[in-house]
There are 2 protein chains.
Amino acid sequence: MVRVAICAPSATLPRELVAPVEHVASHYPGIELIFHDQCFAEAGHFAGTDEQRLEALLECANDPTIDAVWFARGGYGSNRICEPALTYLSRAADDKIFLGSSDGGYLLGSLYKAGIGHPVHAPMPLDIKREGGGDAIARVLAWLSGHPETLEPHLDNRPTVAFNLTTLAMLAGTRLMPDLTGHVVMVEEVSEYLYSVDRLMFHTTSVLRHMNVAGLRLGRVSDVPENDRPFGSDATAIAQDWCARMAIPFLGPADIGHDFANRIVPFGSADRNLPLGVVRAPAAA
Amino acid sequence: MVRVAICAPSATLPRELVAPVEHVASHYPGIELIFHDQCFAEAGHFAGTDEQRLEALLECANDPTIDAVWFARGGYGSNRICEPALTYLSRAADDKIFLGSSDGGYLLGSLYKAGIGHPVHAPMPLDIKREGGGDAIARVLAWLSGHPETLEPHLDNRPTVAFNLTTLAMLAGTRLMPDLTGHVVMVEEVSEYLYSVDRLMFHTTSVLRHMNVAGLRLGRVSDVPENDRPFGSDATAIAQDWCARMAIPFLGPADIGHDFANRIVPFGSADRNLPLGVVRAPAAA
């Protein structure tokens, strides 16, 4: 039995989404989902105060009976608890899988930087709301059940990370930013003007250029608002342009995005011959 | 006669704004404004291609008969020409004043980093469009005419910089970011959700915390869009919170913003006893 604890380091999960997520999970008898009550807490923009969100994350991640911690959703806020999380996570967190995307990338990146657990870019429980959202949930549960065909199809033997572009830009240049030397970096974005995508690419590639990354892949850039004038190029051209300026190889598309099709990207070196597609030393022993 | 060349490193200046700006300038007989034709060029989002915008900037800044270079407006894009600008600016740029704000902050910050010229946070010609915009234009021309009462009123003997928060966040962590040790850092923002202001403060203070800055001052945070839920605090509380987390002194308000009242902030150490409020070694000699 894989025991998955769900908490909300960013914004609140609507309680009515628990039942449809559990319905999907009922088809995966090897998976048990445990929703932490903090998922439904509210404090202004966030799913409870910083202290509440941190406490819930630590309870889930420091519980030795839990195998994976799944972030309920993004929506902004996990960056506010990254530093204390790194401080107070125990040895019990080291072998855990941490699943999330979007704003959850602050934690995934920070954990990866600190070498704690196995961060994995993946759909989140809130995705059940989307058209086809059941597929997104099922993909995570299938991956946890040992089905590597859920992995992002471009993954190769190079270490890889995946981020929302805004999230990566806000990490890039801070001390929470992991060293991505030799990594394939996948990014996706949603609801940003193309000039903002260009600006975020400027910043992010300006930092990545000094890391000797293997290259950049672009996921979907969706729901781009219309500006008062056309930008003059598209998201792929923007990514190619900044990669060329910064001498970063542009490697093509990535099958990630703010949509139900968002695929699984375990941070680091994915090994298809191991269960769950991640190098889990204790699990493999 | 102070000769001021105007170019547009970011977006296009509507041509019909030239006359009202020149009307204001007619009251300052010691100032001559020279609008570069590139101000009116268009290429997608920008006032001409990167090459056109760079060429115009270099023509203005490398012209020894010009005293000041004034950025026509923000609107995104000056970051795309910062690196080649630093490469190709000549000795003639070293003694010049560079005036701008908003997106122009990429150039101001890059020039400051490189020690080229005298970057000055100031209103821009496009501000003539605002209610009270004539006052904004007049403030710049009065400052150039030697009226130090146009300076931001909190300026003291500590070196100071002023930026749009998004602009500073995108510089922070890149190699274009100036060393702000000992500096008072003023920031302002416009048209961003409070959660986005919080996120930008997270990133910016995460970088500034390692620079031993003198402290942060908050300018106006205006035109905040309404989100689907209240954030839970206001812009001042957000700035205070991140300053406290990062052990950066919060110094109070700054009289800057995306509005006609935006005051003048010469980068570095302003000396009220020198003309123009900047330490201009050759001019003072």
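The second largest cavity of this predicted model is lined by His154(A), Leu155(A), Asp156(A), Arg158(A), Thr160(A), Val184(A), Met186(A) and Arg217(A). About 30 Å³ of space lies in this second largest cavity. Local features need pLDDT of at least 70 and side-chain atom pairs count only at pLDDT 80 or more, while totals for chains, interfaces and linings use all residues; side-chain values use heavy atoms, without hydrogens and water. Residues are numbered from 1 along each chain as its sequence is written, and chains are lettered from A in the order in which they are written.

**Cavities**
- A search of the whole structure finds two cavities of 30 Å³ or more; a cavity is a set of points on a 1 Å grid over the protein atoms alone where a 1.4 Å probe fits but cannot get out, and lining residues have an atom within 4 Å of a point.
- Volume is the space filled by probe spheres set on the points, with grid points joined across faces, edges and corners.
- The lining of the second largest cavity comprises three nonpolar, two polar and three charged residues (Ala, Val, Leu, Ile, Met, Phe, Trp, Tyr, Cys and Pro count as nonpolar, Asp, Glu, Lys and Arg as charged, and the others, Gly among them, as polar).
- The largest cavity holds about 40 Å³ of space, and its lining is formed by Ser206(A), Arg209(A), His210(A), Glu83(B), Thr174(B), Arg175(B) and Leu176(B).
- In the lining of the largest cavity, one residue is nonpolar, three are polar and three are charged.

**Relation of the two chains**
- Chain A is superposed on chain B by a rotation of 180 degrees with 0.0 Å of shift along its axis, at an RMSD of 0.0 Å (least squares on the C-alpha atoms of residues with pLDDT of at least 70 in both).
- The two copies are thus related as by a two-fold rotation axis.
- Gly173(A) is the residue of chain A that comes closest to the rotation axis, its C-alpha lying at 1.9 Å.

**Sheet of chain A**
- An open sheet of mixed pairing contains six strands in the order β2-β1-β3-β4-β5-β10 (strands are DSSP runs of E, at least two residues, numbered from the N terminus; two strands pair if DSSP finds at least two bridges between them).
- The edge strands, β2 (31-35) and β10 (265-266), each pair on one side only.
- Strands β4 (residues 97-100) and β5 (residues 118-121) run parallel and are joined by four bridges, with Phe98(A) opposite Pro119(A).

Note on methods. 1 Å grid on protein atoms, 1.4 Å probe; cavity = no way out; pocket = protein on both sides within 12 Å on 5 of 7 lines; lining within 4 Å.
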